[in-house]
Amino acid sequence: MPIIFKKTPLLTDAILHYCPGCTHGIIQRLVAETIQEMGIADRVIGVASVGCGTMIYEYIDCDFVQAAHGRAPAVATGVKRSRSDAVVFTYQGDGDLAAIGTAETIHAAARGENITVIFVNNAIYGMTGGQMAPTTMPGQITQTSPNGRDIGTTGFPVRVCELLATIDGVSYIERVSVDSAKNVHVAKKAIQRAFRRQIVCGGFSLVEVLSTCPTNWGMEPIQALEWLRDKMIRYYPLGVYKDKISSDEG
């Protein structure tokens with residue numbers, strides 16, 4: 001039987017630790033494929049932060065640095081400034097990037113640091129048991145909001161793409177999803193564009209990927225994908241939020 005699909009050589013044979021139905025694995029495959037296809041594996045340095053995606057360094061065969069919780073953009077800044085020839089990216093969840101790491105994210109963007117951020121938004125704290133996150137939507141039930149998020153007491157969710165798009169140092173911002181084959185294809189194109197922007201033009205780039213968390217959402221995998229489509233994409237619309245260069249870089 002002919003092989004019509006196989007994993008990129010950049011993915012290791014390590015067994016993923018993610019829960020059934022979690023889409024972290026899809027996102028990390030897209031990152032690995034992008035690095036492989038662009039031929040930049042020997043100059044890529046990833047920065048892993050704290051959260052469900054922290055073990056990305058076990059799954060993608062390139063150099064990594066481990067950052068403390070929320071500090072990945074600061075660590076990436078140091079790596080890029082000391083190794084300007086490297087292609088530097090961070091891999092962060094919503095609690096990491098938009099809560100404890102808010103300052104690092106905003107100020108790295110404001111400085112126009114030439115790094116790429118892959119931001120996974122599943123609207124909840126996954127690794128620590130399902131608490132309400134900065135991206136938890138109004139009315140969404142979590143372990144710490146059993147009656148649904150009340151914006152009267154906890155405020156509104158943080159829309160990261162919309163926020164960062166207002167900052168002058170940002171070069172490219174896009175929000176994508178991996179809930180369908182079509183959207184996975186779009187997500188890969190966005191990740192490719194973000195890496196290319198760093199290499200060719202410079203500036204801060206971020207791709208936000210809407211992702212599922214079936215375990216902490218209390219759903220079956222297929223139900224979680226449907227919930228992402230019906231609820232999350234409505235609240236977090238997909239698309240390009242900032243692109244300083246309107247045409248593709250080649």
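Guide: Two definitions come before the description. A residue is called buried when its relative accessible area is under 20%, exposed when over 50%, and partly exposed in between, using a 1.4 Å probe and protein chains only. Strands (E, at least two residues) and helices (H or I, at least four residues) are DSSP runs, numbered from the N terminus.

The model is predicted, so local features need pLDDT of at least 70 and side-chain atom pairs count only at pLDDT 80 or more, while totals for chains, interfaces and linings use all residues. Residues are numbered from 1 along each chain as its sequence is written, and side-chain values use heavy atoms, with hydrogens and water left out.

Strand 3, residues 87-93, is mostly covered, with six of its seven residues buried.

The whole sheet is open and has seven strands in the order 2-1-3-4-6-5-7, with mixed pairing. Strand 2 (63-66) and strand 7 (239-243) are at the edges with a single partner strand each, so one side of each has no neighbour in the sheet. From one strand to the next, the twist averages 15 degrees. Strand 2 pairs with strand 1 in the parallel sense over four bridges, and alanine 48 is opposite glutamine 66 there.

Helices also pack on the sheet. Helix 2 (residues 72-82) touches strand 1, strand 2 and strand 3, and its direction makes about 175 degrees with that of strand 3. Such angles run from 0 to 180 degrees between N-to-C directions, with axes fitted as lines to C-alpha atoms, for helices over the stretch in contact. Contact means heavy atoms within 4.5 Å. Helix 9 (residues 221-235) touches strand 4, strand 5 and strand 6 (204-210), at about 140 degrees to the direction of strand 6.

Strand 5 (residues 170-177) includes serine 177, which counts as buried because its relative accessibility is 1%. Leaving aside neighbours within four places in sequence, the contacts of serine 177 include Asn183, Leu210 and Leu228.

Note on methods. Pairing = 2+ DSSP bridges.
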